[in-house]
Amino acid sequence: MPENTASPENTVSPDATASPKSTADAAATASGGRRTLRLGVAGPVGTGKSSLIATLCRELSGELAMAVVTNDIYTDEDARFLRSAGVLPGERIRAVETGACPHTAIRDDITANLDAVEDMEEDFAPLDLVLVESGGDNLTATFSPALIDAQIFCLDVAGGGDVARKGGPGIGRADLLIVNKSDLAPYVGVDVERMVADAERARDGRPVLALSRTDEPSVKALCDWVRGVIEAHRSGAHTPQDPGPMAPHSHGPEDDGGHGHGHGHGHGH
Amino acid sequence: MSTDTGALGALLLADARLPTGGHAHSATLEAALEAGLPEERIPDYIRARLATVGRTEAAAAVVALRAARDPEPGAEPDYGPVQEALAARTPSRALREASATLGRGLARLARRVDADHPAVRALPTAQAATPGLRALRPVVLGALAAVFGMTAEQTARAALYEDAQTVTAAALKLRPGDPLTAVRWLLDLSPRIEESVRAAAATDVPHDIPAHSAPLIDRWAEAHARETRRLFVA
């Protein structure tokens with residue numbers, strides 16, 4: 001139904017994920033030589049993370065060997081949603097308990113998720129792509145690079161057009177920022193182009209994609225981005241980045257001059 | 001690594017911030033409350049664990065420490081006997097698997113701390129003795145205690161303290177309550193903890209690990225494993 005309301009910059013390129021050299025201890029990232037790309041999807045509750053993952057499975061499972069690990073407050077809601085969507089064989093979708101701390105499970109103590117990812121990679125070898133869905137948390141929750149190689153942060157237009165301006169590690173420095181449910185924009189009074197432009201300003205040129213599962217060009221752009229990251233991961237050109245636990249330059253709504261938001265301090269904290 | 005790490009190691013292994021997966025466990029408290037345990041009896045629940053499964057696990061950790069520290073002359077450490085003895089004393093499959101999950105997280109830490117230490121290199125001997133079951137948490141705890149140079153008492157106390165604090169931390173996620181009250185519960189139980197520390201520290205060989213069972217905990221854990229709506233692994 002709706003036209004693609006995304007800005008022209010929406011042709012996202014994985015090259016844009018190349019960012020300053022990480023100072024992280026090399027041992028803290030585990031991507032060296034591994035075929036499988038571990039891709040995290042984070043973002044607040046209800047922004048469409050599960051739906052985004054269902055879309056990726058539907059579009060890519062024909063060409064890529066895939067598996068999904070979900071985190072939920074109450075265990076397996078998302079896993080059941082994905083299984084019922086029929087986009088992947090049920091055994092390739094696993095839920096992980098997070099002890100009511102989805103934030104902890106993707107950053108401070110990644111043990112349960114890492115166990116599940118390693119099990120999947122062993123059980124279904126060789127896998128091309130493992131998706132890890134964070135339990136919906138707040139704007140500050142991002143994945144540790146010790147768990148994933150790249151991450152998508154998911155917002156939606158229904159959460160309000162000003163959310164992208166608020167910044168934070170996921171908005172500022174995830175490998176890809178999704179502004180989801182772009183088809184709903186007219187109904188919630190949000191200007192998607194402006195929201196995308198706000199996000200781009202907060203991201204120092206990292207890619208932003210306005211997405212609707214009913215908008216084919218945007219779905220294709222998402223899939224092309226994933227293919228590009230897999231390629232960069234395999235060639236060794238991609239280095240996992242930590243968006244950081246903090247928003248380094250977040251000065252509140254009054255400081256809205258379009259500068260000073262997250263200027264690449266995503267390392268060394 | 002410095003050799004004077006025993007005291008610090010004891011604190012590390014008892015620290016809930018240790019990133020080895022413990023935050024997703026409730027020591028079966030979630031299932032106990034689900035089955036109707038009144039919240040005012042949570043301190044009794046901790047006490048019951050300290051006298052039963054907690055004591056068995058602490059004794060196993062001490063025996064694993066001794067296996068790591070004093071292997072047969074000329075041989076590498078062998079965790080097979082202690083792993084078998086503990087598995088045999090853990091009737092619930094769900095609890096064996098939960099313990100193996102926690103052991104897996106601790107083993108990842110052990111490899112990062114000192115992969116070449118004989119106590120760490122020998123960890124596969126545990127799973128080899130119980131095919132399909134990874135090294136159980138107390139076994140890996142004993143191995144790490146050997147790496148850190150901890151005493152038997154420190155090892156037993158770390159195991160028991162961690163068990164009790166797993167319950168108190170989960171309690172705050174499962175029922176309303178004042179976090180400071182949970183600290184009080186623990187302090188009030190300190191004579192019980194020390195009693196169990198002494199008993200566990202006196203354990204020498206796998207045969208001597210007590211087979212304290214808590215059938216209700218086993219039953220709750222088995223029921224929990226079949227639930228679809230869980231906050232905690234076990």
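**Entry: strand β4 of chain A**

I began with side-chain directions: L129(A), L131(A) and E133(A) point one way from β4(A), V130(A) and V132(A) point the other way, and all are buried. For my own record, buried means 20 or more other C-beta atoms within 10 Å of the residue's own, exposed means 12 or fewer, and partly exposed is in between, with C-beta atoms placed from the backbone. Strands here are DSSP runs of E with at least two residues, helices are runs of H or I with at least four, and both are numbered from the N terminus.

This is a predicted model, so I note the limits: local features need pLDDT of at least 70 and side-chain atom pairs count only at pLDDT 80 or more, while totals for chains, interfaces and linings use all residues. Residues are numbered from 1 along each chain as its sequence is written, and chains are lettered from A and ligands numbered from 1 in the order in which they are written.

Why is β4(A) largely enclosed by the rest of the structure? I checked residues 129–133 of chain A: 5 of the 5 are buried, so the strand is largely enclosed.

Next I looked up what pairs with β4(A). Strand β1 (residues 37–42) of chain A runs parallel to β4(A), joined by 5 bridges; pairing needs at least two DSSP bridges between two strands. On that side G40(A) stands opposite V132(A). Strand β2 (residues 66–72) of chain A is also joined to β4(A) by 5 bridges, and these two run parallel. There V69(A) is the residue opposite V132(A).

**Entry: the whole sheet of chain A**

Which order do the strands take in the sheet? I read β3-β2-β4-β1-β5-β6-β7 (chain A), an open sheet of 7 strands with parallel pairing. β3 (93–97) and β7 (208–210) of chain A are at the edges with a single partner strand each, so one side of each has no neighbour in the sheet. On average, neighbouring strands are turned by 20° against each other, direction ignored. Angles are taken between N-to-C directions and run from 0 to 180 degrees, with axes as lines fitted to C-alpha atoms, for helices over the stretch in contact.

Helix α1 (residues 49–60) of chain A packs on this sheet, touching β1, β2, β4, β5 (150–156) and β6 of chain A. The direction of α1 makes about 165° with that of β4(A). Contact means C-beta atoms, placed from the backbone, within 7 Å.

At one end of the order I found β6(A) and β7(A) paired in the parallel sense over 3 bridges. V179(A) stands opposite A210(A) in β7(A).

**Entry: chain A in totals**

I counted 8 helices and 7 strands in chain A. Buried residues are 53% of its 269 residues. Of the contacts in chain A between residues at least 6 apart in sequence, 78% join residues at least 24 apart.

**Entry: a helix pair in chain B**

I then looked up helix α4 (residues 53–69) and helix α10 (residues 152–174) of chain B, which pack at about 145° with axes 9 Å apart. In α4(B), G54(B), E57(B), A58(B), A61(B), V62(B) and L65(B) meet A152(B), T155(B), A156(B), A159(B), L160(B) and D163(B) in α10(B). By class, the residues of this contact are 8 nonpolar, 2 polar and 2 charged. My classes: Ala, Val, Leu, Ile, Met, Phe, Trp, Tyr, Cys and Pro are nonpolar, Asp, Glu, Lys and Arg charged, and the others, Gly among them, polar.

**Entry: where the chains meet**

How many residues does each chain bring to the contact? Chain B brings 16 and chain A 15. Helix α6 (residues 93–114) of chain B gives the most to the chain B side, with 3 residues. That side has 5 nonpolar, 7 polar and 4 charged residues.

The peptide bond from A125(A) to P126(A) is cis, with omega near -5°. P126(A) lies in the loop between α4 (111–123) and β4 of chain A, which brought me back to where I began.

K181(A) has a positive phi of about 60° although it is not a glycine. I place K181(A) in the loop between β6 (176–180) and α6 (185–188) of chain A. Buried or exposed? K181(A) counts as buried, because it has 26 C-beta neighbours inside 10 Å.

T28(B) is another non-glycine with a positive phi, about 65°.

Definitions and conventions
Two residues are in contact if their C-beta atoms, placed from the backbone, lie within 7 Å.
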